[in-house]
Amino acid sequence: MANDEPVKPAPNRVVMLRGADGPEATPPAGPQPGIALCLSGGGYRAMVFHVGVLWRLNELGYLAKLAGVSSVSGGSITAGVLALGWSGLGFDARGVAANFDQQVVAPLLDLAANTIDAEAAILGLLPEVSAAGRVEDAYRHHLFAHHTLQDLPDHPEFVINATNLQSGVLWRFTKRFTWDWRVGKIVDPRLELAVAVAASSAFPPVLSPVRLQFSEGDYAPGSGANLQHPPFTTDVFLADGGIYDNLGLEPVWKRYDTILVSDAGKAMAFDEKPKTDYLLQSLRVLDVIQNQVHALRTRELVSSYKAKERQGAFWGINTRIADYQATGTLPCPPDKTAQLAAIPTRLGALPQATQQQLVNWGYAVCDAAMRAYVDTTLPAPTGFPYPAQGIG
């Protein structure tokens, strides 16, 4: 995990993450019964790792139990496919969808075989060409066609998060609304799903911003705190949701009593000789700042599980599976999982073997966390989804 010192997974407990994101930080009624899943950012690395997570949650019957899914960046690609395919999942009496592979796995691994960021970044240098627009086109072509937010299910509620570069807080996309608590709320948005996911995964500086045009009349009157006026309402600049909250915690933390967090963020690398020129030094400083925010969120999350203020579990792509001390875990050597965790944060094609190893790792670590801290009676897995690949 991206922390100054290791944080071991902890039992069912979590503290209220106090409120950076608006006046609704602590609803009077407190968290309600329900299970929410958070899918972090991390490009294709995260997208495919989360496929393995969803695979195991489906086998355990927990996918069907979800009340909410909150995602950022690469996690939003996975969440978008899950949301669009939700109505077609044939959950049986145990809450297991036999067609999960067809509805979720196949389209995501098909996308993972295609590089979409390089062309978008290069063409984005041309006048009147938007790199973010090229990514939107790729998402339409491979995954979402022209489906809109209104094609998402009513339950569970999917929240796709971007960062508003103007207000400095989350911009949320759901079926019921798109909303920035400072700027205001648009009810029943007809925005395309490809646009929402592109905004959530608009890595700065080359794939951002996504610019959205609205009219003042689109907003519910009085729904914004202090910025419900042009240009904040009419010309919106959005970037990767992970800039603000790379775990996607904010939208679900205030609502549900059980939080599952899947973190595929890349740990910050050490640098013996940091650059001293203005540009590269500034980029390194930004990395340090984001690493600190990530570490603080993770620590507060884990300490909150221990305090029993929330139930649930956290697992990360940088976790050592032995830390969970669960019986019957799948073989995941730390040197091999570290290699998977170090895959660059890109929307660049992954070899089939790497895809399958990432799926296997997400599957295995999710299983260990769920059986250690959510329900110790859950059955151990019989093997990896792709047994011939293992973890590498």
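**Terms and their grounds**

Modeller: The secondary structure of the protein comes to eleven helices and ten strands, where helices (H or I, at least four residues) and strands (E, at least two) are DSSP runs numbered from the N terminus. This is a predicted model, in which local features need pLDDT of at least 70, side-chain atom pairs count only at pLDDT 80 or more, and totals for chains, interfaces and linings use all residues. Residues are numbered from 1 along each chain as its sequence is written, and side-chain values use heavy atoms, with hydrogens and water left out.

Colleague: What makes α2 oblique to α3?

Modeller: Helix α2 (residues 74-85) and helix α3 (residues 100-112) pack at an angle of about 140°, with their axes 9 Å apart. Angles under 35 degrees count as roughly parallel, over 145 as roughly antiparallel, 65 to 115 as roughly perpendicular and the rest as oblique; therefore α2 is oblique to α3.

Colleague: Which residues of α2 and α3 meet?

Modeller: On the α2 side they are I77, T78, V81, L82 and G85, and on the α3 side Q103, V104, P107, L108 and L111; contact means heavy atoms within 4.5 Å. This set divides into seven nonpolar, three polar and no charged residues. Here Ala, Val, Leu, Ile, Met, Phe, Trp, Tyr, Cys and Pro count as nonpolar, Asp, Glu, Lys and Arg as charged, and the others, Gly among them, as polar.

Colleague: What does α3 meet in α5?

Modeller: P107, D110 and L111 in α3 meet Y139, H142 and L143 in α5. The residues of that contact divide into four nonpolar, one polar and one charged.

Colleague: What is called a nonpolar core, and which residues touch the most other members of the largest one?

Modeller: The term denotes a set of buried Ala, Val, Leu, Ile, Met, Phe, Trp, Tyr and Cys residues joined through side-chain atoms within 4.5 Å. Of the 99 residues in the largest core, Y139, F173, W315 and W361 touch the most other members. Helix α11 (residues 352-373) gives the most to this core, with eleven residues. A second, separate core of 13 residues includes L247, V252, W253 and L301.

Colleague: Why is A353 called partly exposed?

Modeller: A353, which lies in helix α11, has 29% relative accessibility. Buried means under 20% relative accessible area, exposed over 50%, and partly exposed in between (1.4 Å probe, protein chains only); A353 therefore counts as partly exposed. Of the 392 residues of the protein, 57% count as buried.

Note on methods. Axes are lines fitted to C-alpha atoms, for helices over the stretch in contact, and angles run from 0 to 180 degrees between N-to-C directions.
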